[in-house]
Amino acid sequence: MMDSITLLDLNLMVRNRLRKEFSDTIWLRAEVSECKENYSGHCYMELIQKRDGSDAICAKARATVWANVWSGLKPFFEKQTGTQLQPGQKVLVEVSVEFHELYGYNLVIRNIDPTYTMGALSIRRLEVIRQLTSDGVIDLNKELVWPLLPQRLAIISSPTAAGFGDFMDQLHHNDYGLVFYTALFPAIMQGEDAEGSIIGALNRIQDSAVDFDAVVIIRGGGATADLSCFDRYDLCFYCAQYPLPILSGIGHDRDSSVLDRVANTSVKTPTAAAEYLVSSMAQEAFRLDSNSEKLNVTTQRLLEAYKQQLKVNSDRLRLNVRERIHGAELMVERRETEIRNQVNRLILKKNQWVEMQYSNLLYRSKSNLDQRKHKTEILEKTLAGFSPDILIKRGFSLTLHNGKIVKSVLDLSQGTEICTRLRDGLIYSTIDKTEIQND
Amino acid sequence: MTEKKFSYNAAMQEVEEILASLEKNNLDVDDMSLKVKRATELLQACKQKLYQADAEIQAVFENVKI
């Protein structure tokens with residue numbers, strides 16, 4: 001049998017050599033590829049190094065943070081970087097190199113410098129942002145007009161995430177009773193597969209882009225906060241050029257991811273995303289209410305003004321009509337008076353004329369009468385010359401029969417007694433004979 | 001009002017134009033009542049859009065989910 005040693009001997013030898021060689025702690029730059037905290041509070045990691053410009057791993061080591069150290073380092077790191085220690089992160093850690101005969105090579109982490117991680121993260125982000133800027137796409141989604149009514153929403157989330165449940169609850173049970181339509185496009189929201197999965201969801205949404213007002217990318221809940229996928233160039237390039245405005249609420253407190261930079265609108269959490277959507281809509285609801293109110297008030301005011309105007313006009317009309325009637329009445333009265341006066345004047349004139357005629361007539365009849373009287377007097381005088389008494393006195397006689405004047409022989413017959421009147425008396429005789437004489 | 005392609009934005013703009021002309025008070029009574037009627041209808045339609053689920057859109061979304 002050749003000289004040989006046992007595995008334990010060898011491992012113990014390695015352990016002793018290493019302890020001698022690496023008696024001091026070393027500051028080490030590496031990338032975290034695994035990071036798990038166990039039940040007793042120790043943190044187990046896997047540190048790797050990738051070849052420059054490639055994903056090929058060229059070095060790898062296990063590392064441990066003992067619970068007594070981890071309980072201080074963890075909050076310190078998270079407070080400083082705003083993220084949890086997680087796979088994909090570049091770290092600067094102070095380690096002691098250890099070797100255990102049973103468990104092998106292991107690095108025990110004593111301390112961590114968070115500024116290195118922050119720097120690495122922000123350098124990576126800045127590189128992506130610079131690239132997107134030089135591509136000319138960085139602001140494209142931001143330049144899309146955020147919809148007046150972000151009502152029809154395509155949600156990209158993990159269906160089981162607590163953040164998704166909170167978001168949906170907050171959105172659909174909003175205080176205003178506003179209606180939202182949501183369609184979930186499930187995607188993996190962390191880890192290596194997230195980028196491809198989210199791009200896949202965006203592709204599916206684009207097939208029916210006209211049905212949506214906006215895309216909401218939310219992520220929340222769960223212990224780990226691996227947001228590195230939201231800094232990936234491909235995803236951010238895709239999102240920047242997306243035709244629908246994107247609202248991101250990917251749940252982080254401190255740094256913003258590149259997705260937040262390119263998204264049309266970015267908020268911190270899914271709940272904040274729901275609040276933002278509700279408040280966008282509520283703003284419109286408020287505008288609607290205020291316009292309704294304005295319409296009411298203005299209409300009332302105008303109606304009141306029209307009513308007032310109507311009243312003024314009707315009053316004016318009434319007054320006008322009354323004035324006109326009054327004017328017409330006055331006119332009629334005046335005309336009446338005029339007519340009456342004229343009639344009176346005419347009557348007076350006629351009366352005068354009649355009087356004149358009358359007096360004329362009177363005068364004329366009187367003179368006529370006087371003339372006649374005069375004539376009659378003359379006649380009377382003339383006639384007096386012809387009276388029987390005068391005639392008898394002149395020598396004429398009158399024959400009477402029974403007291404009546406006899407004018408014809410025919411009235412008398414033989415034997416008839418007649419009386420003859422003369423100037424100085426009467427002769428009674430009886431007729432012997434009559435004889436008719438014709439002239 | 002036609003049912004096809006109701007645009008909330010256009011409706012709201014029209015409402016605000018009507019309001020502006022009402023506030024300027026350069027309308028006669030007949031125009032006013034027509035405009036008020038129109039604005040009321042538009043506001044009603046806008047309100048409906050905000051507060052009442054549209055079955056047609058709902059149906060589209062049901063399909064999208066599948």
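Predicted model: local features only at pLDDT ≥ 70, side-chain atom pairs only at ≥ 80, totals over all residues.
**View 1. The open sheet of chain A.** In chain A, 5 strands form an open sheet in the order β7-β6-β8-β9-β10, and their pairing is parallel. Strands β7 (181-186) and β10 (265-267) of chain A stand at the edges, where each has a single partner strand, so one side of each is left without a neighbour in the sheet. On average, and with direction ignored, neighbouring strands of this sheet are turned by 20° against each other. Helix α9(A) packs on the sheet, where it touches β8 (214-218), β9 (246-249) and β10 of chain A, and its direction makes about 140° with that of β9(A).

**View 2. The pairing of β6 and β7 in chain A.** Strand β6 of chain A, which covers residues 152-157, pairs with β7(A) in the parallel sense over 6 bridges. One residue to look for is Ser157(A), whose bridge partner in β7(A) is Pro186(A).

**View 3. Helix α5 of chain A and its buried side.** Helix α5 of chain A spans residues 162-172, and its buried residues are Gly163(A), Phe164(A), Phe167(A) and Leu171(A). These residues cover an arc of only 100° around the axis, which puts them on the same side of α5(A). As a general rule, an α-helix has 3.6 residues a turn, so residues three or four places apart point the same way. What covers the buried residues of α5(A) includes β6, β7, β8 and α9 of chain A.

**View 4. The nonpolar cores.** The largest nonpolar core has 54 residues, and those with the most contacts inside it are Val215(A), Val216(A), Cys236(A), Cys239(A), Leu259(A) and Val262(A). When residues up to four places away in sequence are not counted, Val215(A) touches Ala154(A), Ile156(A), Ile205(A), Tyr242(A), Leu244(A) and Ile246(A).

**View 5. Helix α2 of chain B where the chains meet.** In this model, 27 residues of chain B are in contact with 23 residues of chain A. Helices α1, α2 and α3 (55-65) of chain B each supply at least two residues of the side that touches chain A, and the largest share of that side, 11 residues, comes from α2(B). Helix α2(B), residues 29-51, has 23 residues and reaches 32 Å from its first C-alpha to its last, close to the 33 Å expected at 1.5 Å a residue. Its buried residues are Met32(B), Lys35(B), Ala39(B), Leu42(B), Cys46(B) and Lys49(B), and what covers them includes α9 (270-384) of chain A together with α1 (8-24) of chain B.

Conventions. Residues numbered from 1 in each chain as written. Chains lettered and ligands numbered in written order. Helix = DSSP H or I, 4+ residues; strand = E, 2+ residues; numbered from the N terminus. Expected span 1.5 Å × (residues − 1). Buried ≥ 20, exposed ≤ 12 C-beta atoms within 10 Å, placed from the backbone. Contact = placed C-beta atoms within 7 Å. Core = buried A, V, L, I, M, F, W, Y, C linked by C-beta atoms within 7 Å. Pairing = 2+ DSSP bridges. Axes fitted to C-alpha atoms, helices over the stretch in contact; angles between N-to-C directions. Arc of directions from axis to C-beta.
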